[in-house]
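Dear colleague,

Please read the notes with the coordinates open beside them.

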Amino acid sequence: MAQIMYGLALRHGWGIPIDPPLAITYLSRAASNSAAVESVALSSGMKKGGAAKGELVLAIYELANSFRHGWGVDKDPVAARSYYETAANLGDTDAMNEVARCYEEGFGGKKDRFSAAKYYRLAEQNGNKTLGNSWIWKEKYNGK
């Protein structure tokens, strides 16, 4: 978690000089280290991973934000959407809403209202409702 927090501090200048490229380095290390810990947990028989899963998901989500906004890297909508989707599939409800927005607006790929509805529904079912999204429950947006 320290690498994530230090990366965010570098990105936003929280008590230290802003250094977005170095922030990417720390966020990437955090994701890599957390993934390694999760791999060990899963290979030892844990069905849902270990304590590092939350750190992994947060690091991936923050890397997505970096690619979306060009913080420390060139803006890359395709990478941002991919990272958001990965974090969403690992259970992050903020990432679920972000990838849904990407699909809805065509950010990082084709517009896909079915996928947008899927992720907005998933976020809502996990306690992260977005106001004004009643359209996601229309029957025409049920699974393909």
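In α1, the buried residues are Ile4, Gly7, Leu8, Ala9, Leu10 and Arg11, and what covers them includes α2 (20-43) and α3. Please keep in mind throughout that this is a predicted model. Just after α1, Gly13 takes a positive phi of about 75 degrees.

The packing of α1 on α3 can be described in some detail. The axes of helix α1 (residues 2-12) and helix α3 (residues 53-69) come within 10 Å and cross at roughly 20 degrees; because angles under 35 degrees count as roughly parallel, α1 is roughly parallel to α3. The crossing in which α1 passes α3 is left-handed. On the α1 side the contact is made by Ile4, Leu8 and Arg11, and on the α3 side by Glu55, Leu58, Ala59, Glu62, Asn65 and Ser66. Sorted by class, the residues in this contact of α1 with α3 are 4 nonpolar, 2 polar and 3 charged. Ile4, Leu8 and Arg11, which provide the α1 side of the contact, are also listed among the buried residues of α1.

The side chain of Ser66 makes a polar contact of 3.0 Å with the side chain of Arg11, and Arg11 is itself buried in α1. Not counting residues up to four places away in sequence, Ser66 touches Arg11, Ile24, Leu27, Trp71 and Val73.

Helix α3 also packs against α4. The axes of α3 and helix α4 (residues 77-89) come within 8 Å and cross at roughly 160 degrees, and since angles over 145 degrees count as roughly antiparallel, α3 is roughly antiparallel to α4. The crossing of α3 and α4 is left-handed. From α3, the residues that take part are Val57, Ile60, Tyr61, Leu63, Ala64, Asn65, Phe67 and Arg68, and they meet Ala79, Ala80, Tyr83, Tyr84, Thr86 and Ala87 in α4. The residues of this contact of α3 with α4 divide into 11 nonpolar, 2 polar and 1 charged.

The axes of helix α5 (residues 93-105) and helix α6 (residues 113-125) come within 8 Å and cross at roughly 160 degrees, which makes α5 roughly antiparallel to α6. The crossing of α5 and α6 is left-handed. In α5, the residues Thr93, Met96, Asn97, Val99, Ala100, Arg101, Tyr103 and Glu104 meet Arg113, Ser115, Ala116, Tyr119, Tyr120, Leu122 and Ala123 in α6. By class, the contact of α5 with α6 has 9 nonpolar, 3 polar and 3 charged residues.

Gly108 has its place in the loop between α5 and α6, and its relative accessibility is 23%, so Gly108 counts as partly exposed. If residues up to four places away in sequence are not counted, Gly108 touches Pro77, Val78 and Arg81. Gly108 and Arg68 are 40 residues apart in sequence, with a C-alpha to C-alpha separation of 9.2 Å in space.

Two residues in the segment after α6 complete these notes. Asn128 lies in that segment and is buried, because its relative accessible area is 18% and the limit for burial is under 20%. A polar contact of 3.2 Å joins the side chain of Asn128 to that of Asn97, and Asn97 is one of the α5 residues that meet α6. Apart from neighbours within four places in sequence, Asn128 is in contact with Thr93, Asp94, Asn97 and Ala123. Lys129 is also found in the segment after α6, but this residue is exposed, with a relative accessible area of 56%. The C-alpha atoms of Lys129 and Ala64, which are 65 residues apart along the chain, are separated by 21 Å.

Note on methods: Residues numbered from 1 in each chain as written. Predicted model: local features only at pLDDT ≥ 70, side-chain atom pairs only at ≥ 80, totals over all residues. Heavy atoms only, no water. Axes fitted to C-alpha atoms, helices over the stretch in contact; angles between N-to-C directions. Helix = DSSP H or I, 4+ residues; strand = E, 2+ residues; numbered from the N terminus. Parallel < 35°, antiparallel > 145°, perpendicular 65-115°, else oblique. Left-handed = near helix turned anticlockwise from the far one by under 90°. Contact = heavy atoms within 4.5 Å. Nonpolar A, V, L, I, M, F, W, Y, C, P; charged D, E, K, R; others polar. Buried < 20%, exposed > 50% of the residue type's maximum accessible area, 1.4 Å probe, protein only. Polar contact = N/O pair within 3.5 Å; in protein donor to acceptor, adjacent residues only side chain to side chain.
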